[in-house]
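Hi,

Here is the model I promised you. Have a look at it first, and then read my notes below.

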Amino acid sequence: MTLLQVTDLSVEFDTAEGVVRAVRGVDFTVERGRTLGIVGESGSGKSVTSLAVMGLHRGARIGGSVRFDGTELIGAPEETVRRLRGRRIAMVFQDALTALHPYFTIGDQIAEAYREHHGASRKAARKRAVDVLGDVGIPEPARRAGEYPHEFSGGMRQRAMIALALSCEPDLIIADEPTTALDVTVQAQVLDLLMRLQQDRGLGIVMITHDLGVIARVADDVLVMYGGSAAEQAPADRLFADPRHPYTRGLLDSLPRLDAGDATELRAIPGSPPSLLAPPAGCAFHPRCPVYARERNPLCTGDRPALRQVGDAHHNACVLDEVTP
Amino acid sequence: MIGYLLRRLLAMAVTLLVICALTFAIFYLLPSDPAAQFCGKDCSAERIELVRQQLGLNDPLVVQFGRYVVGIFAGQTLGSGPYAVRCDFPCFGYSFQSAQPVWDLMMDRLPTSASLAVGAAVLWLLLGVSAGVLAALRRGTWVDRTVMVTTIGLSALPVYFIAMILLYLVVTVTGLLPYPRYIAFGEDPGGWLANLIMPWTTLAVMYAALYARMTRNSVIETLAEPYVRTARAKGLPERRVVGKHGLRPALTPVATMLGMDLGGLLAGALITESLFSLPGVGKLFADSLNKADQPVIMGITLLASFFIVSSNLVVDLVYAWIDPRARLA
């Protein structure tokens with residue numbers, strides 16, 4: 001059965017300047033043992049999406065449906081959602097130094113979640129903390145459990161963050177830029193760790209990142225977000241083989257490639273992400289889109305484009321895509 | 001840790017010595033002549049000169065300063081012959097006007113100031129911190145706005161104004177309490193309490209307002225920290241998220257400020273003590289200023305510096321105890 005099914009999710013905030021529409025009508029599903037990658041720039045709505053799934057976006061208006069293992073979470077009582085948080089859906093945050101509490105030891109922070117959800121004794125929770133720290137490859141876990149986050153290296157801290165997420169054996173892990181703050185070798189280790197844990201435990205993973213390299217490494221399916229909506233959605237191999245949306249192509253072109261030869265320049269996407277307060281009419285990407293710049297197609301500034309199927313499990317929101325299934 | 005403590009204590013000693021030297025220089029360059037005070041009224045110029053010699057006031061400043069510092073630790077005898085006065089350890093000078101060592105004068109008054117400062121601090125912490133936390137948790141609601149408007153108003157009121165209003169309402173209009181005078185706690189605890197309520201309130205009002213505003217901002221800031229979000233993501237009940245993960249770090253700066261404020265107030269709340277005629281160190285200071293009783297002024301200045309410098313150290317140690325990042329390996 002589908003582990004997580006998100007349908008027509010929208011997130012809005014009231015601000016002094018007006019209503020910010022951070023997420024508009026996003027759909028995706030996550031199956032057990034599979035990884036969904038959500039890619040986008042800052043402000044594309046990817047992190048807001050994850051917080052909305054967890055019910056952690058305070059003061060936001062959330063619409064649509066989030067079903068986790070058959071239970072509807074939007075509009076559910078706080079207590080229901082709280083009991084799922086940490087227990088069955090766990091989060092791994094970007095910067096473990098700020099995401100872990102500076103005043104408490106790593107062991108205490110992990111044990112606290114375990115005690116909350118399992119009613120375990122102090123001693124049992126402590127043992128559990130040491131065990132999961134060992135599981136994520138932290139040497140001398142019993143000693144390190146008694147240390148504070150600032151005494152850990154960046155990579156070890158992120159492992160500890162993952163250990164915290166794993167402590168209650170969740171079914172789904174939402175990882176929000178879990179490797180962004182790490183250098184490349186440590187990044188690879190942390191991703192491998194997540195993949196190994198996924199295989200061992202059949203975890204569903206939502207991997208939120210701006211880094212297509214990470215996506216290529218871990219994701220089974222990819223959702224490309226732009227300006228709060230889905231731009232393109234496809235299985236990972238298909239997306240990399242046949243990117244259809246100009247934004248996805250732009251993202252791929254802006255990646256350095258070893259096989260591209262010296263003469264190939266990296267192409268950056270011109271402009272900056274759209275304002276979510278007053279998004280551009282029509283396709284949110286059109287002001288930066290090279291195709292629109294060339295063709296000035298009025299379709300691009302007309303209605304807000306919706307995803308259309310353009311291939312097997314491949315969806316694209318670009319109105320200019322000649323559908324060739 | 002021991003090494004750190006020793007270094008800090010040494011630095012503290014140096015700071016106090018510098019403050020001591022500066023105050024000494026300022027006071028002994030002032031026109032008022034200790035010899036004339038010692039000698040009393042109707043004293044001839046020759047006699048004053050004799051006293052100057054006996055007190056060593058004609059010695060170079062450095063020599064006099066050295067004598068003062070040594071006196072603090074070893075005591076000293078001022079003057080010689082029939083006029084000699086003995087000032088025992090710790091000798092912070094001798095008030096010729098009161099015919100008492102400065103230390104004794106200060107120690108007589110210290111319990112009053114300490115009662116005032118500590119009692120007021122308890123009051124302003126209870127009021128200020130709870131109002132601040134409440135405002136932060138109800139941010140943007142009428143509770144928050146009421147707290148903010150009230151605290152702006154209260155922090156703008158001068159202490160003497162608050163004292164006047166209190167005295168008028170409590171003593172004159174309603175007669176709930178008698179006009180305050182200091183009663184030692186050991187003498188009559190009930191009387192001690194009744195007489196300190198108004199001074200405490202007066203002093204606490206301004207601080208409570210400041211603390212409420214600071215607490216509110218600190219709590220709001222802390223609750224937006226990623227580690228508070230992590231606590232929620234762990235599935236902890238909101239009570240624990242706020243109480244354990246939010247409030248502890250939010251109240252750390254409050255503890256720091258409390259240390260500083262208390263350190264400053266121990267050496268006397270000058271205005272409040274004067275207004276309520278409380279015989280504290282602050283009142284002593286005000287009286288000594290009026291009488292130009294230099295040794296006392298200087299002694300109190302040093303006492304105040306000592307409290308402030310040592311509360312700094314205490315604050316740093318407490319901080320390290322609360323926040324593991326501030327601990328030294």
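A word on domains before anything else: their bounds come from an automatic or database domain assignment. On that basis chain B is divided into domain 1 (2-101) and domain 2 (103-326).

Some housekeeping: this is a predicted model, in which local features need pLDDT of at least 70 and side-chain atom pairs count only at pLDDT 80 or more, while totals for chains, interfaces and linings use all residues. Residues are numbered from 1 along each chain as its sequence is written, and chains are lettered from A and ligands numbered from 1 in the order in which they are written.

On confidence, the model scores ipTM 0.88 and pTM 0.83. Chain B has an average pLDDT (the predictor's confidence in each residue, from 0 to 100) of 86, and 96% of its residues score at least 70. Among the elements of chain B, helix α2 (residues 34-39) has the lowest mean pLDDT, 70, and helix α9 (residues 226-233) the highest, 94. Helices here are DSSP runs of H or I with at least four residues, strands are runs of E with at least two, and both are numbered from the N terminus.

Now chain B as a whole. It has 13 helices and four strands, and its C-alpha atoms fill a box of roughly 85 × 60 × 35 Å along the principal axes. Of its 329 residues, 37% are buried (20 or more other C-beta atoms within 10 Å of the residue's own; exposed means 12 or fewer, partly exposed is in between, and C-beta atoms are placed from the backbone).

Back to the two domains of chain B: their C-alpha centres lie 34 Å apart. Their contact takes 21 residues from domain 1 and 19 residues from domain 2; residues are in contact if their C-beta atoms, placed from the backbone, lie within 7 Å. On the domain 1 side, α1 (2-29), β3 (94-95) and β4 (100-101) of chain B each give two or more residues, and α1(B) has the largest share with nine residues.

UniProt, in an unreviewed entry, places "transmembrane region" features in chain B, including residues 9-30 and 191-212. (UniProt positions are in the numbering used here, feature names are shortened, and annotations may be inferred rather than shown by experiment.) In the model, residues 9-30 of chain B are 95% helix and 0% strand, with end C-alpha atoms 32 Å apart. Residues 191-212 of chain B are 100% helix and 0% strand, and there the ends are 30 Å apart.

How does chain A meet chain B? The contact joins 22 residues of chain A to 17 residues of chain B. On the chain A side, α2 (78-84), α3 (96-99) and α4 (106-118) each give two or more residues, with α4(A) giving the most, four residues.

Last, a sheet in chain A. Four strands form an open, antiparallel sheet in the order β2-β1-β4-β5. β2 (18-30) and β5 (71-72) of chain A each have a single partner strand, so they stand at the edges with one side left without a neighbour in the sheet. Strand β4 (residues 60-68) of chain A pairs with β5(A) over two bridges, and pairing requires that DSSP finds at least two bridges between the strands. Arg67(A) stands opposite Glu72(A) in β5(A).

Cheers

Terms used. Two residues are in contact if their C-beta atoms, placed from the backbone, lie within 7 Å.
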